[in-house]
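Reader: Hey, I'm new to this one. Could you walk me through it while I have it open?
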Amino acid sequence: MIEIKELHKSYQMGANSLHVLKGINFEAKEGEMVAIMGSSGSGKSTFLNIIGMLDEADLGSYTLDGKIIKNLNEKIAARYRNQFLGFIFQSFNLISYKSALDNVSMPLYYQGIKRNERTEKAMHYLEKVGLADWAEHLPSELSGGQKQRVAIARALASNPKVLLADEPTGALDSSTSYEVMELIQKINDEGKTILCVTHEDDIAHMCKRIVHLKDGIIIDDDLVSQVRAKKQENV
Amino acid sequence: MFNIERWQEIFETLSKNKLRTFLTGLSVASGIFILVILLGFSTGIQKGVKSQFEQDATNRISVWTGVTTKGYKGLNPGRLVQMKNSDHENISRKYDENLEYRTALYSIWGGIITYKNQTGNYRVEGASADQQFIENETMVAGRFINNGDVEKAEKVTVIGNQVKKDIFKEEDPIGKSIEIMGINFVVVGVYSDPGGNREETRVFIPITTAQKAFNGGDKVRSLAYTVKMSDNFDDAVALSMALSENIDKDIRTSHFVAPDDRSAVRVWNTLEEAKKIYTLLDTIRAVFWFVGIGTIIAGIVGVSNIMLIVVKERTKEIGIRKAIGALPSSIVGMILQEAIFITAIAGFSGLFLGVGLLELVSPMVNSDFIKFPQVDFNTAVTTVILLIVAGALAGFIPARRAANIKPIEALRDE
């Protein structure tokens, strides 16, 4: 699904150049659930952004579902993002003046799907994350966990190949975190490839594979036995 | 642009940000409002001034004589220059091909007019048939003095509408006999004058009758002509100026008046004055447009400014939209369409407000120089369309900035 070879990325910080990624080789197959760990400054977010086509690598190759991602113009990048990727952010990034339902149907709008069909699909995904009753609520009327579930529904709405989560539980307390992770695990069970950046060990162990980044290179890449985030276990 | 989904999106965005939308629109609406009011009043001034000129024919040339103030060719100053019938005949003959209407005038100020027991004090003017067209008179009843009256020195008179109201009240004056300074005249017509009441407090009698009845001999008080108009206004003005200069010269020569003695011979050229006023009006209109356009530019800069703030405020939102697959063109379209929509709605409300206010106030404004201010609707609509185009241009810079937002930067957590 994802194939990355010798990926380099550096940022220009005034006169100095900051070499963030120093040759990353990474591969993820369909249906995998990979945690990307590392201390802050290890380059894990940059790595995720490049996979998410929000940022572009300086060197190296990146193939997503057989398509080489290189020198994309904005138009194609936007289309690929819409078709292949779903984003989950630490701070949810919902549009504050749109209802939960409208937020979820946003990617469908950009796919050019008609309003009725859009609403129907969006409602389906809201049901899936258990928020059908909250469809008409604004993000400000939802709790943190509910917001993140709306964001997950939005990420799923365009039926992407890969779900990219950047510290999905970073802004949540632990019991809500587990609820969200349970949902993400459920989605993975259905066969979706998931990449999840985190710095929390327990969250990482809910994935099936943990990749450790340090100073811009992968220092560890292990398969782990997945810990299920069943709610009852944490009471 | 005509995508209904996009409109729903924009309408939703706007209605969720009411205050911002309102403030953006306000600058544009007030700009258009001010322009409409200014243009309305400039039209009002134009109408007012035009109605001032309508009192008499605009292509009129008048000649008066007075007392000399300078000695010339051995003659002492203080001499009355008295025009005669022959002056009028000479001028009429000499410039025949350039003159349209012509009359010599012999007038009596403060003529006492009596009908039954009603008496009034009016200006009595001896004139020829052409006077009707030189003074722009319209007949309310009967007819004007004709050439036959003048030839035979008939004792007939045409009275002003105000004179009729004063001394005849409701009675029909035609065919009735009135006394002008003790001499009986038959009323043959009643006229009205676009100049209003003051111009309608005169009575006209044939000039020959006036000269005979009031000891005029062949004396003439003043002369009035109209110049043949050509289609080109500037040509007409030039002809009119040349004619008045020549007439001035002729009178001075035949009456031995110094060329620079202004009070002895006065030739008034309405067309030349009209041209001056029209030039002034054009200047006023240009200034109003300038001010109005300036206000609109201020409004547009306002829109551009606020849209920049909008883009800044919505950086994160735009970032999110891009992350989930919005094309740059759809972001540009969104901002641009929003700007145009606000400008258009605001522009039209400013327009209707301005036109509405003018409609309301217009009937009350009727002074000599401002009359019924109104705005040419086409001009206003043209302005609004221009405004919308300019609004699009104003929205373009913010839209480009929005399109250039990198989602990764927009989404970075502070």
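Predicted model: local features only at pLDDT ≥ 70, side-chain atom pairs only at ≥ 80, totals over all residues.

Reader: Okay, and where is the place of Thr176(A)?
Author: Thr176(A) sits in helix H6 of chain A, residues 174-189.

Reader: Why does Thr176(A) count as partly exposed?
Author: Thr176(A) has 17 other C-beta atoms within 10 Å. A residue needs 20 or more to be buried and 12 or fewer to be exposed, so a count in between makes it partly exposed.

Reader: Let's zoom out. How many helices and strands does chain A have?
Author: Chain A has 7 helices and 10 strands. Of its 235 residues, 48% count as buried. Among its contacts between residues at least 6 apart in sequence, 69% join residues at least 24 apart.

Reader: What's the strand order in the open sheet of 6 strands?
Author: The order is E6-E7-E8-E3-E9-E10 in chain A, and the pairing is mixed. Strands E6 (85-88) and E10 (217-223) of chain A are at the edges with a single partner strand each, so one side of each has no neighbour in the sheet. On average, neighbouring strands in this sheet are turned by 15° against each other, direction ignored.

Reader: Do E7 and E8 of chain A run parallel or antiparallel?
Author: They run parallel: E7 (residues 162-166) and E8 (residues 193-197) of chain A are joined by 5 bridges. Within that pair, Ala165(A) has Cys196(A) as its bridge partner in E8(A).

Reader: Which helix packs on that sheet?
Author: Helix H1 of chain A, residues 44-51, packs on it and touches strands E3 (33-37), E7, E8 and E9 (209-214) of chain A. The direction of H1 makes about 150° with that of E8(A).

Reader: What does Ile36(A) touch, beyond its neighbours within four places in sequence?
Author: Its contacts are Lys44(A), Phe47(A), Leu48(A), Leu195(A), Cys196(A), Val197(A), Val211(A) and Leu213(A). Ile36(A) is also listed with Leu164(A), Leu195(A) and Ile32(B) as having the most contacts inside the largest nonpolar core, which has 118 residues. Helix H11 of chain B, residues 328-361, gives the most to this core, with 11 residues. A second, separate core of 50 residues includes Ile91(B), Val158(B), Ala210(B) and Ala224(B).

Reader: Changing topic: how many residues of chain A are in contact with chain B?
Author: 23 residues of chain A are in contact with 16 residues of chain B. Helices H2 (74-84) and H3 (100-110) of chain A are the elements giving two or more residues to chain A's side. H2(A) gives the most, with 6 residues. By class, that side of chain A has 10 nonpolar, 6 polar and 7 charged residues.

Reader: Which residues of H2(A) are buried, and what covers them?
Author: The buried ones are Ala77(A), Ala78(A), Arg81(A), Asn82(A) and Phe84(A). Their cover includes strand E4 (59-64), E6, H3 and E7 of chain A, along with helix H10 (315-323) of chain B.

Reader: And chain B, what does strand E1 pair with there?
Author: E1(B), residues 60-65, runs antiparallel to E11(B), residues 222-227, with 5 bridges joining them. E1(B) also pairs with E12(B), residues 265-269, in the antiparallel sense over 5 bridges. Ile61(B) has Tyr225(B) as its bridge partner in E11(B), and it stands opposite Asn269(B) in E12(B).

Methods. Residues numbered from 1 in each chain as written. Chains lettered and ligands numbered in written order. Pairing = 2+ DSSP bridges. Helix = DSSP H or I, 4+ residues; strand = E, 2+ residues; numbered from the N terminus. Axes fitted to C-alpha atoms, helices over the stretch in contact; angles between N-to-C directions. Contact = placed C-beta atoms within 7 Å. Core = buried A, V, L, I, M, F, W, Y, C linked by C-beta atoms within 7 Å. Nonpolar A, V, L, I, M, F, W, Y, C, P; charged D, E, K, R; others polar.
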